[in-house]
Amino acid sequence: MKIFEFSLFETPPGVRELRQEVRTLLDRELAGTDPVRRANCWMRHDADFSRALGQAGFIGMVWPKRFGGHDRSPAERYIVLEELLAAGAPVCAHWVADRQSGPLILKYGTEQQKQRLLPGIVRGETYFCIGLSEPGAGSDLASVRTHARRVPEGWRISGQKIWTTNAHRSQFMIALVRTGSIEERQAGLSQFIIDLSLPGLTVKPIVDLTGASEFNEVWFDDVLVSEEMLIGEIGQGWKQVTAELALERSGPERYLTSFSLLKALIHHARGAGSEALTAVIGQAVAELWTLRQMSMSTAAKLAQGQDPSVEAAIVKDLGTAFEQSLPVLAQDLLEVDLSDQSDLARLLAYLLQVFPSFSLRGGTREILRGIIARGLGLR
Ligand SMILES: Cc1cc2nc3c(=O)[nH]c(=O)nc-3n(C[C@H](O)[C@H](O)[C@H](O)COP(=O)(O)OP(=O)(O)OC[C@H]3O[C@@H](n4cnc5c(N)ncnc54)[C@H](O)[C@@H]3O)c2cc1C
């Protein structure tokens, strides 16, 4: 019985040149960036940076040229992503659009949707957010209550989404809404592309522990959405979302969020290291390398049109456990005064505040383990 599988990743030709190209861009664009801003960098929004990345051909890399894409291989895309994250580039603005909204539109969208939306994503100018969670529907996503009612002009949407990262800075949301009855659970769900400037829509920021407001509450008060903005088919929202979640869970951002801390630890160990710190760094690098192989293997499966939901859940569970462990290990091993203004102290203080969220966003640990158990035939 084959339940899941990780295979070795084949390095594409020309990889050295590609890495150098990305690094040259990053040296130019990121010079002087505060090390703290390089941690958790896929939550750092910078429209100018996204535009520069778009101009360099590093967004929509694997999409067809006729929609503005660059017809590059998934392996090349992976290498660009890991370079961006390892350097701490502020990729948040376009991240969701490039990672999952664009691929969803390519797979299920109409020709008109593709032509209208994909070129702007590729340029690093059109941003999307994810409208899944609601106050009563997080892990239990099939309980979504935001509903769309058919009217002669299209659909009227009412309800509320929550924890919507970047709703205040994106032009569009892809929302999972109920087009059938609540009793139908998964079968009554559909997806819509919603223009966030429409009348009846209110976005209210939620302030997190660090004082930042990256995510939001979003209210829909009878928002009129035209028929053309339905994506995929009525009643197929659950199936479409499940495929999207594998894209969301398996990428390098699921183990590289604390990478700048690992680099800082290596730097620290060179000057004032201890045997214990050296051992921790050795173990961390071994884990990182393994996670990288697993994540790349999952990316390859996605590119071949397979459904690696279980592999993606494993990558996210192990990857976020890894990136959560680094700040805790650093705090245990080093005598860092967190009120100190050194780069290491500020970086550690920041990561210690945000790391609990790493295993919540994109589906919690318990839910992922349930998916893995189901994959093993245990549930
Ligand atoms: C930084 C961040 C960004 C986010 N961005 C977005 C976004 O852009 N768009 C979006 O839609 N959502 C977003 N989310 C929301 C995220 O997807 C949810 O927080 C997550 O799915 C959990 O849902 P919940 O918060 O409602 O918690 P609940 O579902 O209420 O879970 C509470 C606890 O109970 C546990 N639990 C629940 N059900 C079970 C079960 N069956 N078995 C065992 N344990 C269970 C959970 O694991 C969790 O520990 C974001 C969250 C964070 C932290």
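A total of 23 salt bridges is counted in the predicted model, a salt bridge being a side-chain nitrogen of Lys or Arg within 4 Å of a carboxyl oxygen of Asp or Glu. Because the model is predicted, local features need pLDDT of at least 70 and side-chain atom pairs count only at pLDDT 80 or more, whereas totals for chains, interfaces and linings use all residues. Residues are numbered from 1 along each chain as its sequence is written, and side-chain values use heavy atoms, with hydrogens and water left out.

Side chains of opposite charge can pair when their charged atoms come close. Helices (H or I, at least four residues) and strands (E, at least two) are DSSP runs, numbered from the N terminus. Arg99 is buried at 8% relative accessibility, and Glu253 is buried as well, at 2%. Buried means under 20% relative accessible area, exposed over 50%, and partly exposed in between (1.4 Å probe, protein chains only).

Arg99 also takes part in a polar contact of 2.7 Å with the side chain of Gln100. A polar contact is a pair of N or O atoms within 3.5 Å; within protein, one must be able to donate a hydrogen and the other to accept it, and residues adjacent in sequence count only if both atoms are side-chain atoms. With residues up to four places away in sequence left out, Arg99 touches Trp42, Arg77, Ile130, Leu247, Glu248, Glu253 and Arg254, where contact means heavy atoms within 4.5 Å. Ser101 lies in helix α4 too, which spans residues 92-108. The relative accessible area of Ser101 is 3%, and this residue is therefore buried. Phe128 and Ile174 are among the residues that Ser101 touches.

A second salt bridge joins the side chains of Arg150 and Glu227, at 3.1 Å from N to O. Arg150 is located in strand β2 (residues 147-151) and Glu227 in the loop between β7 (215-225) and β8 (230-231), so this pair links parts that are 77 residues apart in sequence. Arg150 is exposed, at 52% relative accessibility, whereas Glu227 is partly exposed, at 35%. Between Glu76 and Arg72, the closest N and O atoms of the salt bridge are 3.2 Å apart. Glu76 counts as buried at 15% relative accessibility, and Arg72 is partly exposed at 28%. Salt bridges also link Arg19, Arg23, Glu82, Glu83 and Arg292 in a network.

The ligand is surrounded by 16 residues, the closest being Ser133, Ser139, Trp163, Thr364 and Glu366; a residue is included if one of its heavy atoms lies within 4 Å of the ligand. This shell divides into 6 nonpolar, 8 polar and 2 charged residues. Ala, Val, Leu, Ile, Met, Phe, Trp, Tyr, Cys and Pro count as nonpolar, Asp, Glu, Lys and Arg as charged, and the others, Gly among them, as polar. A polar side-chain atom of Glu366 is 2.6 Å from an oxygen atom of the ligand. A ligand nitrogen atom lies 2.8 Å from an N or O atom in the side chain of Thr165, and a ligand oxygen atom lies 3.0 Å from a polar backbone atom of Leu132. Taken alone, the ligand exposes 980 Å², of which the protein buries 62%; accessible areas come from the Shrake-Rupley method with a 1.4 Å probe.
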